Amino acid sequence: EAKALLRKAMPVTRRVLGDSNELTLRMSATYAMALYLDPVATLGDLREAVSMLEEAARTARRVFGGAHPYSVGMEQALRESRAA
């Protein structure tokens with residue numbers, strides 16, 4: 001349910017707020033976590049989650065800086081998704 005809602009809302013958020021907006025980044029991270037934390041996630045889901053988190057972590061570092069708690073959290077989520 002959450003995945004379907006986020007999948008619909010993310011393009012609108014990107015278009016209206018931009019890729020560098022904190023809400024856009026949070027939505028991307030939330031969607032990616034919903035993908036990789038799903039017990040029945042497919043290999044495609046895991047790859048999509050890693051790809052989204054790589055992009056979101058890169059953007060968060062650029063926008064907030066590497067030491068910002070949000071950037072650190074994104075890096076942690078990325079590590080977890082790669083381990084899934």
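**Entry 1: α3 against α4**

I began with the residues that join α3 to α4, and I found Val-50, Leu-53, Glu-54, Ala-56, Ala-57, Ala-60, Arg-61 and Phe-64 of α3 meeting Tyr-70, Ser-71, Met-74, Glu-75, Ala-77, Leu-78, Ser-81 and Arg-82 of α4. Sorted by class, this contact comes to 10 nonpolar, 2 polar and 4 charged residues. I note here that the model is predicted. For the geometry I looked up the axes of α3 and of helix α4, which covers residues 69–83, and they come within 9 Å and cross at roughly 160°. Angles over 145 degrees count as roughly antiparallel, and α3 and α4 are therefore roughly antiparallel to each other. The crossing in which α3 passes α4 is left-handed.

**Entry 2: α2 against α3**

I then turned to the other contact of α3 that I had marked, and looked up the axes of helix α2 (residues 22–37) and helix α3 (residues 43–64), which come within 9 Å with a crossing angle of roughly 155°. That angle makes α2 roughly antiparallel to α3, and their crossing is left-handed. On the α2 side I listed Glu-22, Leu-25, Ser-28, Ala-29, Tyr-31, Ala-32, Leu-35 and Tyr-36, and on the α3 side Asp-45, Leu-46, Glu-48, Ala-49, Met-52, Leu-53, Ala-56, Thr-59, Ala-60 and Phe-64. The class count for α2 with α3 is 13 nonpolar, 2 polar and 3 charged residues. Going back to my list for α4, I see that Leu-53, Ala-56, Ala-60 and Phe-64 of α3 are among the residues that meet α4, and they are also among those that meet α2.

**Entry 3: α1 against α2**

Next I looked up helix α1, residues 2–17, whose axis comes within 9 Å of that of α2 and crosses it at roughly 155°. This makes α1 roughly antiparallel to α2, and α1 passes α2 in a left-handed crossing. From α1 I recorded Lys-3, Leu-6, Arg-7, Ala-9, Met-10, Thr-13, Arg-14 and Leu-17, which meet Leu-23, Thr-24, Met-27, Ser-28, Thr-30, Tyr-31, Ala-34 and Leu-35 in α2. The residues of this contact divide into 9 nonpolar, 4 polar and 3 charged. Ser-28, Tyr-31 and Leu-35 of α2 are among the residues that meet α1, and the three names also stand in my list for α2 with α3.

Which elements give two or more residues to the lining of the largest cavity? I first checked the number of cavities, and the structure holds 1 cavity of 30 Å³ or more. The volume of the largest cavity is about 60 Å³, and its lining is made up of Arg-14, Asp-19, Thr-24, Leu-25, Ser-28, Met-52, Glu-55, Ala-56 and Thr-59. The elements that contribute two or more residues to that lining are α2 and α3, and α3 gives the most, with 4 residues. By class, I noted 3 nonpolar, 3 polar and 3 charged residues in the lining.

Notes. Residues numbered from 1 in each chain as written. Predicted model: local features only at pLDDT ≥ 70, side-chain atom pairs only at ≥ 80, totals over all residues. Heavy atoms only, no water. Axes fitted to C-alpha atoms, helices over the stretch in contact; angles between N-to-C directions. Parallel < 35°, antiparallel > 145°, perpendicular 65-115°, else oblique. Left-handed = near helix turned anticlockwise from the far one by under 90°. Contact = heavy atoms within 4.5 Å. Nonpolar A, V, L, I, M, F, W, Y, C, P; charged D, E, K, R; others polar. 1 Å grid on protein atoms, 1.4 Å probe; cavity = no way out; pocket = protein on both sides within 12 Å on 5 of 7 lines; lining within 4 Å. Points joined across faces, edges and corners; volume = space filled by probe spheres on them.
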